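This report describes a model with two chains and goes through its folds part by part. Please look at the sequence and the structure first.

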Amino acid sequence: MSPLIRFALLRWRLLTGSLILAAVLIGTPPPAMAEYGDIVINNYSDAAGMRPAVFPHWFHRIRFRCKVCHADLGFKFKAGGDHINMLKIIDGEYCGACHNGNIAWSVENCDLCHSGKPGTPTQVHESTLQQLVTPPPKTAPAKK
Amino acid sequence: MKNLSNTLRYILVSSLLAACAVTQAPTTAKAASQATAPATAKAKVKAKAKVKVKAKAKAKAKAATHVRSAIAGSAANPFNRLLKPQGKRHLPPAEDGIHDPTDPAIHTLQSPRQAFKGLPPDNAGNQVDWVKALDEGKIKPRYDRNNPKAKPIVMDLNIVREVKGSMPNVVYPHKPHTQWLDCSNCHPAIFIPKKGANQISMAAILLGKKCGVCHGKVAFPVSECRRCHSQNKKIKAKKVAQP
């Protein structure tokens, strides 16, 4: 290989390398700034080609006490723990108890709930486990 | 040889242009129109070369500024990279990072900043003191979803839990809890309603058990130690050895 070609190749490699680095630096998404207690539910959404549902606790607790959903409607204290699907909702269970066009807007407004970024995992935003700088061991003492 | 390095350069320039597609789009359009304008083939080649050099310089400068701004504005070296920046709280859903900004209904959703206006401030969580807001009547959340006049069954009973070491004892007030919740939310699944029957540790709470079922998810987070550990102990002073 002539030294000129080698020089050109080296330059090319260096430049592509720096280009990739620049793309990574520019393309890194900023950390989410959503509200404390925002819930993302993505049990079935991604697989069904739908945006995951986002439940803002702050919005609902201004209007209802915890008891309404967590005692009367049977919502578990666990993100994604109720395995809610649209059938349950149109039958008046879970979200459907209010989101029926009577107390709150009805189910045909898909995009109002299914408003999460595709691929966002089920989570409680800013929960203690998310805030831990070092994730806890997987084999945690899981006693309620 | 020159041809090869020129081709490489051309590929580089075009890829750089592609990388900065959004900002560079007008330049490429300009370059195209400039390149096609001259009538003779010679002039064409000359113009092309000129544009190439110009575009390359521009693209280089652009890439450099991009990298610089990326470092300045990225998570690389802010004051504290593990904390939420002060000005970036209560963002509207379109900018909060978990909502999809391309969702057609995104601007219909309320912004927390708007909702929290006038509510008593707090240092953690939503930056809103929800219990105070309820006590002051700033919010009137329903106790029954159909009946706006339903009144909660409030129980005013404090439970004191003695804890290890110098850590102040925990005083658990039933009052604010029963204002929001029903007895069945906690008893008996999370807490057995019997003195001494519940083993609670901070490790369990951090992992979302016991108090951590709500505190650290929606109720004030565990960073607010003194709100629970509120009863100071009398700590015996250690005897200092006399020389």
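A residue is called buried if 20 or more other C-beta atoms lie within 10 Å of its own, exposed if 12 or fewer do, and partly exposed in between, with C-beta atoms placed from the backbone. By this rule, buried residues make up 29% of the 144 residues in chain A, and 17% of the 243 residues in chain B.

The model is predicted: local features need a pLDDT of at least 70, side-chain atom pairs count only at pLDDT 80 or more, and totals for chains, interfaces and linings use all residues. Residues are numbered from 1 along each chain as its sequence is written, while chains are lettered from A and ligands numbered from 1 in the order in which they are written.

**Confidence in chain A**

The predictor's confidence in each residue is given as pLDDT, from 0 to 100. Chain A averages a pLDDT of 86, and 83% of its residues score at least 70. Where in chain A is confidence lowest? Helix α1 (residues 3–27) of chain A has the lowest mean, 65, whereas strand β2 (residues 53–56) of chain A has the highest, 98. Where pLDDT is low, the predicted coordinates should not be read in detail.

**Elements of the two chains**

Helices (H or I, at least four residues) and strands (E, at least two) are DSSP runs, numbered from the N terminus. Contacts also need a rule: two residues are in contact if their C-beta atoms, placed from the backbone, lie within 7 Å.

From the N terminus on, chain A runs α-β-β-α-α-α-α-β-α. The order in chain B is α-α-α-α-α-β-β-α-α-α-α-β. Among contacts in chain A between residues at least 6 apart in sequence, 51% join residues at least 24 apart. For chain B, 36% of the contacts between residues at least 6 apart in sequence join residues at least 24 apart.

**The sheet of chain A**

Two strands pair if DSSP finds at least two bridges between them. In chain A, 3 strands form an open sheet in the order β2-β1-β3, with antiparallel pairing. Strands β2 and β3 (123–124) of chain A stand at the edges with a single partner strand each, so one side of each has no neighbour in the sheet. Strands β1(A) and β2(A) run antiparallel and are joined by 4 bridges. Asp38(A) stands opposite Pro56(A) in β2(A).

**The nonpolar core**

A nonpolar core is a set of buried Ala, Val, Leu, Ile, Met, Phe, Trp, Tyr and Cys residues joined through C-beta atoms within 7 Å. Which residues have the most contacts inside the largest core? They are Ile39(A), Val40(A), Ile41(A), Ala53(A), Val54(A), Ala79(A) and Ile98(B), in a core of 13 residues. At least two residues of this core come from each of β1 (38–41), β2 and α5 (110–113) of chain A. The largest share, 3 residues, is supplied by β1(A). Not counting residues up to four places away in sequence, Ile41(A) touches Pro52(A), Ala53(A), Phe55(A), Ala79(A), Gly80(A), Ile84(A) and Thr122(A). In soluble globular proteins, nonpolar side chains tend to be buried together.

**The sheet of chain B**

Chain B also has 3 strands in an open sheet, in the order β1-β2-β3 and with antiparallel pairing. Its edge strands are β1 and β3 of chain B, and each pairs on one side only. Strand β1 (residues 158–161) of chain B is joined to strand β2 (residues 169–173) of chain B by 4 bridges. In this pair, Val171(B) is the bridge partner of Val160(B), and Val170(B) is that of Arg161(B). Over 2 bridges, β2(B) also pairs with strand β3 (residues 229–231) of chain B, where His229(B) is the bridge partner of Val170(B).

**Backbone details in chain B**

Most residues other than glycine have a negative phi, and most peptide bonds are trans. His90(B) has a positive phi, near 55°, and lies in the loop between α3 (41–73) and α4 (112–115) of chain B. Is His90(B) buried or exposed? With 20 C-beta neighbours inside 10 Å, His90(B) counts as buried. Gln127(B) also has a positive phi, about 65°, and its place is in the loop between α4 and α5 (130–135) of chain B. Gln127(B) counts as partly exposed, because it has 16 C-beta neighbours inside 10 Å. A cis peptide bond, with omega about 0°, joins His187(B) and Pro188(B). Pro188(B) lies in the loop between α7 (183–186) and α8 (202–206) of chain B.
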